[in-house]
Amino acid sequence: MNVRRGEDKSDQAAADRPLRRGWTTGACATGATKAALTALFTAEFPDPVTITLPKGETPAFALNRHMLGPDSAMATIIKDAGDDPDVTHLAEIVATVRLGAPGTGIVFRAGEGVGTVTLAGLPLPPGEPAINPVPRRMIGEIVTALCAAHGRAADVTVEIGVTGGAALAAKTWNPRLGIVGGLSILGTTGIVHPFSCAAWIHSIHRGVDVARAAGLVHVVGATGSTSEQAARALYPDLPEIAWLDMGDFAGGLMKYLRAHPIERLTIAGGFAKLTKLAQGAMDLHSGRSQVDLAFLADMVATAAPERAEALRPKILAANTAKAVLDMARAEGIDLAAPVADAARRAALEILRGAPVGVQVLVVDRDGGVLARVG
(Lines give C-alpha, C1' and ligand atoms only; values in the text may rest on other atoms or scores of the structure.)
Protein backbone atom coordinates (compact mmCIF):
# COMPACT_ATOMS: atom_id res chain seq x y z
CA MET A 1 0.00 0.00 0.00
CA ASN A 2 3.04 2.22 -0.06
CA VAL A 3 3.21 2.18 -3.86
CA ARG A 4 2.84 5.73 -5.15
CA ARG A 5 -0.64 6.53 -6.44
CA GLY A 6 -0.72 7.13 -10.18
CA GLU A 7 2.83 5.87 -10.70
CA ASP A 8 3.53 4.47 -14.16
CA LYS A 9 6.28 2.04 -13.37
CA SER A 10 6.99 0.41 -16.70
CA ASP A 11 7.86 3.69 -18.40
CA GLN A 12 10.81 4.15 -16.06
CA ALA A 13 12.62 0.88 -16.65
CA ALA A 14 16.09 1.06 -18.11
CA ALA A 15 16.02 -1.14 -21.17
CA ASP A 16 19.69 -2.12 -21.35
CA ARG A 17 20.48 -3.32 -17.83
CA PRO A 18 19.02 -5.75 -15.33
CA LEU A 19 16.71 -4.16 -12.81
CA ARG A 20 18.08 -4.08 -9.28
CA ARG A 21 16.01 -5.63 -6.50
CA GLY A 22 15.47 -3.83 -3.22
CA TRP A 23 14.25 -4.49 0.31
CA THR A 24 10.79 -4.01 1.79
CA THR A 25 9.99 -1.79 4.75
CA GLY A 26 9.32 -5.00 6.67
CA ALA A 27 12.82 -6.34 6.01
CA CYS A 28 14.38 -3.03 7.04
CA ALA A 29 12.25 -2.88 10.19
CA THR A 30 13.34 -6.42 11.07
CA GLY A 31 17.00 -5.56 10.62
CA ALA A 32 16.69 -2.40 12.69
CA THR A 33 14.88 -4.33 15.43
CA LYS A 34 17.59 -6.98 15.53
CA ALA A 35 20.32 -4.35 15.81
CA ALA A 36 18.53 -2.43 18.56
CA LEU A 37 17.63 -5.47 20.66
CA THR A 38 21.13 -6.91 20.31
CA ALA A 39 22.52 -3.63 21.63
CA LEU A 40 20.04 -3.61 24.51
CA PHE A 41 21.38 -7.00 25.59
CA THR A 42 25.09 -6.56 24.75
CA ALA A 43 25.68 -2.78 24.53
CA GLU A 44 27.02 -3.34 21.00
CA PHE A 45 25.17 -2.60 17.75
CA PRO A 46 25.86 -5.09 14.95
CA ASP A 47 26.71 -3.01 11.89
CA PRO A 48 25.95 -4.24 9.32
CA VAL A 49 23.13 -6.35 10.70
CA THR A 50 22.13 -9.55 8.89
CA ILE A 51 18.68 -11.12 8.86
CA THR A 52 17.16 -14.19 7.22
CA LEU A 53 14.17 -13.58 4.95
CA PRO A 54 11.22 -15.98 4.54
CA LYS A 55 12.75 -17.61 1.45
CA GLY A 56 16.22 -17.96 2.96
CA GLU A 57 18.02 -14.86 1.63
CA THR A 58 20.37 -13.20 4.13
CA PRO A 59 20.72 -9.48 3.38
CA ALA A 60 23.02 -7.29 5.46
CA PHE A 61 21.93 -3.74 6.30
CA ALA A 62 24.16 -0.85 7.30
CA LEU A 63 22.85 1.20 10.19
CA ASN A 64 22.16 4.87 9.58
CA ARG A 65 21.74 5.95 13.20
CA HIS A 66 21.67 4.20 16.55
CA MET A 67 21.28 5.14 20.20
CA LEU A 68 21.47 3.12 23.42
CA GLY A 69 19.66 4.27 26.55
CA PRO A 70 19.35 2.75 30.03
CA ASP A 71 16.17 0.81 29.17
CA SER A 72 15.75 1.19 25.41
CA ALA A 73 17.70 1.04 22.17
CA MET A 74 17.07 2.57 18.76
CA ALA A 75 18.49 1.73 15.33
CA THR A 76 17.62 2.96 11.86
CA ILE A 77 18.13 1.65 8.33
CA ILE A 78 17.75 3.55 5.07
CA LYS A 79 15.44 1.58 2.79
CA ASP A 80 16.82 0.78 -0.64
CA ALA A 81 13.97 -0.16 -2.99
CA GLY A 82 16.35 -0.96 -5.84
CA ASP A 83 15.00 0.16 -9.19
CA ASP A 84 11.42 0.19 -7.97
CA PRO A 85 9.94 3.71 -7.71
CA ASP A 86 8.36 2.99 -4.33
CA VAL A 87 7.41 6.05 -2.30
CA THR A 88 9.50 4.71 0.61
CA HIS A 89 12.75 4.46 -1.39
CA LEU A 90 15.51 6.03 0.76
CA ALA A 91 13.16 6.47 3.71
CA GLU A 92 14.64 5.97 7.17
CA ILE A 93 13.06 3.00 8.97
CA VAL A 94 13.31 3.33 12.75
CA ALA A 95 13.06 0.56 15.37
CA THR A 96 12.99 1.30 19.09
CA VAL A 97 12.88 -1.60 21.54
CA ARG A 98 12.13 -1.70 25.27
CA LEU A 99 11.84 -4.60 27.69
CA GLY A 100 8.25 -5.10 28.79
CA ALA A 101 6.65 -6.31 31.99
CA PRO A 102 6.72 -10.07 32.56
CA GLY A 103 3.99 -11.87 30.63
CA THR A 104 3.24 -9.05 28.21
CA GLY A 105 4.86 -10.83 25.25
CA ILE A 106 5.86 -9.01 22.07
CA VAL A 107 3.92 -5.76 21.69
CA PHE A 108 3.99 -3.66 18.52
CA ARG A 109 3.66 0.10 18.56
CA ALA A 110 3.40 2.65 15.75
CA GLY A 111 6.19 5.19 15.93
CA GLU A 112 6.30 8.52 14.12
CA GLY A 113 5.39 8.04 10.48
CA VAL A 114 3.71 4.63 10.79
CA GLY A 115 -0.06 4.58 10.46
CA THR A 116 -2.82 3.11 12.60
CA VAL A 117 -5.61 0.97 11.16
CA THR A 118 -9.04 2.54 11.66
CA LEU A 119 -11.31 0.49 9.39
CA ALA A 120 -12.21 -3.19 9.23
CA GLY A 121 -11.31 -5.31 6.22
CA LEU A 122 -7.52 -5.11 6.35
CA PRO A 123 -5.29 -7.94 7.61
CA LEU A 124 -5.11 -6.13 10.97
CA PRO A 125 -8.01 -5.05 13.18
CA PRO A 126 -8.81 -1.38 13.84
CA GLY A 127 -6.59 0.19 16.46
CA GLU A 128 -3.50 -1.79 15.51
CA PRO A 129 -0.34 -0.20 14.13
CA ALA A 130 -0.06 -0.75 10.38
CA ILE A 131 2.71 -3.33 10.63
CA ASN A 132 1.52 -6.15 8.41
CA PRO A 133 1.43 -9.82 9.45
CA VAL A 134 4.60 -11.05 7.71
CA PRO A 135 6.82 -8.24 9.05
CA ARG A 136 5.33 -8.91 12.49
CA ARG A 137 6.24 -12.57 12.16
CA MET A 138 9.78 -11.77 10.99
CA ILE A 139 10.31 -9.30 13.83
CA GLY A 140 8.73 -11.70 16.32
CA GLU A 141 11.08 -14.51 15.32
CA ILE A 142 14.10 -12.24 15.75
CA VAL A 143 12.91 -11.03 19.17
CA THR A 144 12.12 -14.55 20.37
CA ALA A 145 15.50 -15.92 19.25
CA LEU A 146 17.51 -13.08 20.79
CA CYS A 147 15.63 -13.25 24.07
CA ALA A 148 16.15 -17.00 24.27
CA ALA A 149 19.86 -16.61 23.52
CA HIS A 150 20.18 -14.22 26.46
CA GLY A 151 18.04 -16.22 28.88
CA ARG A 152 15.13 -13.82 28.88
CA ALA A 153 11.42 -14.14 28.24
CA ALA A 154 10.25 -12.51 25.00
CA ASP A 155 8.51 -9.60 26.72
CA VAL A 156 9.52 -6.74 24.44
CA THR A 157 7.82 -3.64 23.05
CA VAL A 158 8.83 -2.96 19.46
CA GLU A 159 8.08 0.48 18.07
CA ILE A 160 8.51 0.94 14.32
CA GLY A 161 8.58 4.38 12.71
CA VAL A 162 9.41 5.99 9.38
CA THR A 163 11.06 9.39 9.41
CA GLY A 164 8.76 11.75 7.50
CA GLY A 165 6.33 8.90 6.96
CA ALA A 166 3.18 10.96 7.52
CA ALA A 167 4.01 13.18 4.54
CA LEU A 168 4.96 10.19 2.40
CA ALA A 169 1.68 8.45 3.28
CA ALA A 170 -0.29 11.23 1.61
CA LYS A 171 1.11 9.95 -1.70
CA THR A 172 -0.18 6.42 -1.10
CA TRP A 173 -3.54 4.69 -0.78
CA ASN A 174 -3.32 4.58 3.02
CA PRO A 175 -5.67 7.51 3.75
CA ARG A 176 -8.27 5.97 1.45
CA LEU A 177 -7.96 2.62 3.21
CA GLY A 178 -8.43 4.16 6.64
CA ILE A 179 -4.78 3.91 7.69
CA VAL A 180 -4.15 7.23 9.42
CA GLY A 181 -0.98 8.94 10.57
CA GLY A 182 1.57 7.34 8.30
CA LEU A 183 2.77 4.47 6.17
CA SER A 184 2.32 0.72 6.39
CA ILE A 185 5.19 -1.64 7.13
CA LEU A 186 4.85 -4.14 4.30
CA GLY A 187 6.38 -7.17 2.68
CA THR A 188 5.76 -10.87 2.26
CA THR A 189 9.20 -11.99 1.06
CA GLY A 190 11.32 -9.07 2.25
CA ILE A 191 12.35 -8.33 -1.32
CA VAL A 192 11.07 -5.57 -3.60
CA HIS A 193 10.89 -6.81 -7.19
CA PRO A 194 11.20 -3.74 -9.42
CA PHE A 195 8.26 -2.69 -11.55
CA SER A 196 6.08 -5.45 -10.19
CA CYS A 197 2.33 -4.91 -10.48
CA ALA A 198 1.79 -6.94 -7.33
CA ALA A 199 1.83 -4.04 -4.85
CA TRP A 200 -0.75 -2.07 -6.82
CA ILE A 201 -3.08 -5.05 -7.26
CA HIS A 202 -2.63 -5.94 -3.59
CA SER A 203 -3.79 -2.44 -2.67
CA ILE A 204 -6.85 -2.77 -4.93
CA HIS A 205 -7.75 -6.03 -3.19
CA ARG A 206 -7.39 -4.46 0.24
CA GLY A 207 -9.60 -1.58 -0.91
CA VAL A 208 -12.32 -4.07 -1.85
CA ASP A 209 -11.93 -5.80 1.52
CA VAL A 210 -12.35 -2.51 3.39
CA ALA A 211 -15.41 -1.55 1.33
CA ARG A 212 -17.02 -4.95 1.94
CA ALA A 213 -16.28 -4.86 5.65
CA ALA A 214 -17.95 -1.45 5.84
CA GLY A 215 -21.04 -2.80 4.09
CA LEU A 216 -20.75 -0.63 0.98
CA VAL A 217 -22.92 -1.57 -1.98
CA HIS A 218 -21.29 0.71 -4.58
CA VAL A 219 -17.60 1.17 -5.43
CA VAL A 220 -15.84 3.02 -8.24
CA GLY A 221 -12.71 1.94 -10.10
CA ALA A 222 -11.13 4.71 -12.17
CA THR A 223 -8.22 4.56 -14.59
CA GLY A 224 -6.89 7.94 -13.49
CA SER A 225 -7.52 11.14 -11.58
CA THR A 226 -9.53 12.89 -14.32
CA SER A 227 -11.99 10.04 -14.68
CA GLU A 228 -12.23 9.68 -10.92
CA GLN A 229 -13.09 13.35 -10.50
CA ALA A 230 -15.79 13.04 -13.16
CA ALA A 231 -17.30 10.10 -11.28
CA ARG A 232 -17.06 11.96 -7.97
CA ALA A 233 -19.19 14.73 -9.45
CA LEU A 234 -21.86 12.14 -10.21
CA TYR A 235 -21.60 10.38 -6.84
CA PRO A 236 -20.63 13.05 -4.30
CA ASP A 237 -22.07 11.12 -1.37
CA LEU A 238 -19.93 8.01 -1.75
CA PRO A 239 -17.47 7.66 1.14
CA GLU A 240 -13.74 7.80 0.49
CA ILE A 241 -13.32 4.06 0.87
CA ALA A 242 -15.65 3.52 -2.11
CA TRP A 243 -13.03 4.97 -4.49
CA LEU A 244 -10.71 2.19 -5.63
CA ASP A 245 -7.50 3.31 -7.34
CA MET A 246 -7.88 0.79 -10.17
CA GLY A 247 -5.44 2.42 -12.56
CA ASP A 248 -4.69 0.11 -15.46
CA PHE A 249 -5.50 -3.05 -13.52
CA ALA A 250 -9.13 -3.60 -14.54
CA GLY A 251 -8.64 -7.34 -14.57
CA GLY A 252 -7.07 -7.33 -11.12
CA LEU A 253 -10.09 -5.51 -9.71
CA MET A 254 -12.78 -7.55 -11.42
CA LYS A 255 -11.17 -10.92 -10.80
CA TYR A 256 -11.13 -10.08 -7.10
CA LEU A 257 -14.73 -8.86 -7.20
CA ARG A 258 -15.64 -12.14 -8.87
CA ALA A 259 -14.73 -13.93 -5.63
CA HIS A 260 -15.54 -11.03 -3.27
CA PRO A 261 -18.56 -9.31 -4.84
CA ILE A 262 -19.93 -5.86 -4.14
CA GLU A 263 -23.41 -5.08 -5.42
CA ARG A 264 -22.47 -2.30 -7.82
CA LEU A 265 -19.27 -1.31 -9.65
CA THR A 266 -18.74 1.84 -11.67
CA ILE A 267 -15.77 1.79 -14.04
CA ALA A 268 -14.63 5.25 -15.14
CA GLY A 269 -11.94 5.87 -17.72
CA GLY A 270 -10.75 7.61 -20.82
CA PHE A 271 -11.86 6.58 -24.28
CA ALA A 272 -8.64 4.78 -25.25
CA LYS A 273 -8.35 2.74 -22.07
CA LEU A 274 -11.99 1.71 -22.15
CA THR A 275 -11.63 0.78 -25.81
CA LYS A 276 -8.93 -1.67 -24.73
CA LEU A 277 -11.23 -3.06 -22.05
CA ALA A 278 -13.96 -3.37 -24.69
CA GLN A 279 -11.50 -5.39 -26.78
CA GLY A 280 -11.05 -7.77 -23.85
CA ALA A 281 -7.79 -6.44 -22.39
CA MET A 282 -7.50 -6.69 -18.62
CA ASP A 283 -4.30 -4.63 -18.27
CA LEU A 284 -4.92 -1.23 -19.83
CA HIS A 285 -1.35 0.11 -19.74
CA SER A 286 -0.02 1.39 -23.05
CA GLY A 287 2.99 -0.89 -22.78
CA ARG A 288 0.90 -4.02 -22.33
CA SER A 289 -2.15 -3.54 -24.54
CA GLN A 290 -2.94 -1.49 -27.63
CA VAL A 291 -6.05 0.02 -29.19
CA ASP A 292 -7.11 -1.97 -32.26
CA LEU A 293 -8.11 0.62 -34.86
CA ALA A 294 -9.92 -2.06 -36.89
CA PHE A 295 -12.06 -2.71 -33.80
CA LEU A 296 -13.07 0.97 -33.77
CA ALA A 297 -13.66 0.95 -37.53
CA ASP A 298 -16.04 -1.95 -37.07
CA MET A 299 -17.87 -0.04 -34.34
CA VAL A 300 -18.24 2.98 -36.60
CA ALA A 301 -19.54 0.71 -39.34
CA THR A 302 -22.17 -0.65 -36.97
CA ALA A 303 -23.18 2.82 -35.80
CA ALA A 304 -23.19 4.41 -39.29
CA PRO A 305 -23.11 1.69 -41.98
CA GLU A 306 -23.76 4.19 -44.76
CA ARG A 307 -20.42 5.92 -44.02
CA ALA A 308 -18.37 2.86 -43.16
CA GLU A 309 -16.61 2.51 -46.52
CA ALA A 310 -15.47 6.15 -46.62
CA LEU A 311 -14.37 6.32 -42.99
CA ARG A 312 -12.63 2.97 -42.59
CA PRO A 313 -9.32 3.87 -44.32
CA LYS A 314 -9.17 7.14 -42.38
CA ILE A 315 -9.73 5.31 -39.11
CA LEU A 316 -7.08 2.70 -39.87
CA ALA A 317 -4.61 5.49 -40.66
CA ALA A 318 -5.34 7.41 -37.46
CA ASN A 319 -2.56 7.96 -34.93
CA THR A 320 -4.60 7.59 -31.76
CA ALA A 321 -7.93 6.45 -30.39
CA LYS A 322 -8.73 10.09 -29.63
CA ALA A 323 -8.23 10.94 -33.31
CA VAL A 324 -10.82 8.29 -34.19
CA LEU A 325 -13.19 9.63 -31.54
CA ASP A 326 -12.80 13.17 -32.87
CA MET A 327 -13.34 11.94 -36.42
CA ALA A 328 -16.55 10.16 -35.42
CA ARG A 329 -17.83 13.18 -33.49
CA ALA A 330 -17.17 15.43 -36.50
CA GLU A 331 -19.37 13.06 -38.52
CA GLY A 332 -22.10 13.15 -35.88
CA ILE A 333 -21.43 9.53 -34.86
CA ASP A 334 -21.60 8.60 -31.17
CA LEU A 335 -18.66 6.22 -30.68
CA ALA A 336 -18.31 6.64 -26.91
CA ALA A 337 -21.61 4.92 -26.07
CA PRO A 338 -20.95 1.70 -28.03
CA VAL A 339 -17.44 1.54 -26.58
CA ALA A 340 -18.89 1.94 -23.08
CA ASP A 341 -21.44 -0.79 -23.80
CA ALA A 342 -18.76 -3.15 -25.12
CA ALA A 343 -16.51 -2.39 -22.13
CA ARG A 344 -19.39 -3.17 -19.79
CA ARG A 345 -20.03 -6.49 -21.53
CA ALA A 346 -16.31 -7.33 -21.33
CA ALA A 347 -16.33 -6.53 -17.60
CA LEU A 348 -19.32 -8.80 -17.06
CA GLU A 349 -17.50 -11.58 -18.87
CA ILE A 350 -14.56 -11.22 -16.48
CA LEU A 351 -16.96 -11.28 -13.53
CA ARG A 352 -18.43 -14.58 -14.82
CA GLY A 353 -21.86 -14.20 -13.31
CA ALA A 354 -20.79 -12.78 -9.95
CA PRO A 355 -23.57 -10.66 -8.41
CA VAL A 356 -21.98 -7.35 -9.39
CA GLY A 357 -23.83 -4.77 -11.45
CA VAL A 358 -21.53 -2.83 -13.77
CA GLN A 359 -21.75 0.74 -15.00
CA VAL A 360 -19.19 2.28 -17.37
CA LEU A 361 -18.38 5.98 -17.73
CA VAL A 362 -16.32 7.22 -20.69
CA VAL A 363 -14.63 10.47 -19.73
CA ASP A 364 -12.83 12.95 -21.96
CA ARG A 365 -9.55 14.66 -21.12
CA ASP A 366 -11.36 17.66 -19.68
CA GLY A 367 -13.39 15.52 -17.30
CA GLY A 368 -16.60 15.54 -19.27
CA VAL A 369 -18.68 12.37 -19.32
CA LEU A 370 -19.07 11.24 -22.94
CA ALA A 371 -21.09 8.11 -22.22
CA ARG A 372 -22.76 6.47 -19.24
CA VAL A 373 -23.93 2.88 -19.67
CA GLY A 374 -25.37 0.54 -17.07
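Predicted model: local features only at pLDDT ≥ 70, side-chain atom pairs only at ≥ 80, totals over all residues.
Beyond four places in sequence, the residues in contact with Glu 92 are Asn 64, Arg 65, Thr 76, Ile 77, Ile 78, Gly 161, Val 162 and Thr 163. Glu 92 belongs to strand 6, which covers residues 92-99. The relative accessibility of Glu 92 is 9%, so this residue counts as buried. Two of the listed neighbours also meet Glu 92 through polar contacts between side chains. One partner is Asn 64, at 2.8 Å. The other is Arg 65, with a polar contact of 2.8 Å to the side chain of Glu 92.

Gly 111 sits in the loop that runs between strand 7 (106-110) and strand 8 (116-117). Its relative accessible area is 10%, and Gly 111 is therefore buried. Val 158 lies 47 residues from Gly 111 in sequence, while the C-alpha atoms of the two are 9.3 Å apart in space.

The chain as a whole gives the setting for these sites. It has 374 residues, of which 52% count as buried. Its secondary structure comprises 11 helices and 16 strands. Along the principal axes, the C-alpha atoms fill a box of roughly 85 × 50 × 30 Å. Among contacts with a separation of 6 or more, 69% are between residues 24 or more positions apart.

Helix 7 packs against several elements. Its buried residues are Phe 271, Leu 274, Thr 275, Lys 276, Leu 277 and Ala 278. These buried residues pack against helix 6 (250-259), strand 14 (264-270), helix 8, helix 10 (321-330), helix 11 and strand 15. After helix 7 comes Gly 280, with a positive phi near 110°.

The pairing of helix 7 with helix 11 can be described in detail. Helix 7 spans residues 271-279 and helix 11 spans residues 336-351; their axes come within 7 Å and cross at roughly 45°. The two helices are therefore oblique to each other. The crossing of helix 7 with helix 11 is left-handed. Helix 7 contributes Phe 271, Leu 274, Thr 275, Leu 277 and Ala 278 to the contact, and helix 11 contributes Ala 336, Val 339, Ala 342, Ala 343, Ala 346 and Ile 350. By class, 10 of the residues in this contact are nonpolar and 1 is polar, with no charged residues.

On the helix 8 side, the contact is made by Leu 293, Ala 294, Ala 297, Asp 298, Val 300 and Ala 301. On the helix 9 side, it is made by Ala 308, Leu 311, Arg 312, Ile 315 and Leu 316. The contact of helix 8 with helix 9 has 9 nonpolar residues, no polar ones and 2 charged ones.

Some backbone angles call for comment. Most residues other than glycine have a negative phi, and most peptide bonds are trans. The bond between Asp 47 and Pro 48 is cis, with omega about 5°. Pro 48 lies in the loop between helix 1 (25-42) and strand 2 (49-50). Ala 43 is found in the loop between helix 1 and strand 2 as well. Though not a glycine, Ala 43 has a positive phi of about 70°. With a relative accessible area of 47%, Ala 43 is partly exposed. Arg 352 is another residue other than glycine with a positive phi, near 50°. Arg 352 lies in the loop between helix 11 and strand 15 (357-363). The relative accessibility of Arg 352 is 66%, so Arg 352 counts as exposed.

Conventions. Residues numbered from 1 in each chain as written. Heavy atoms only, no water. Axes fitted to C-alpha atoms, helices over the stretch in contact; angles between N-to-C directions. Helix = DSSP H or I, 4+ residues; strand = E, 2+ residues; numbered from the N terminus. Parallel < 35°, antiparallel > 145°, perpendicular 65-115°, else oblique. Left-handed = near helix turned anticlockwise from the far one by under 90°. Contact = heavy atoms within 4.5 Å. Nonpolar A, V, L, I, M, F, W, Y, C, P; charged D, E, K, R; others polar. Buried < 20%, exposed > 50% of the residue type's maximum accessible area, 1.4 Å probe, protein only. Polar contact = N/O pair within 3.5 Å; in protein donor to acceptor, adjacent residues only side chain to side chain.
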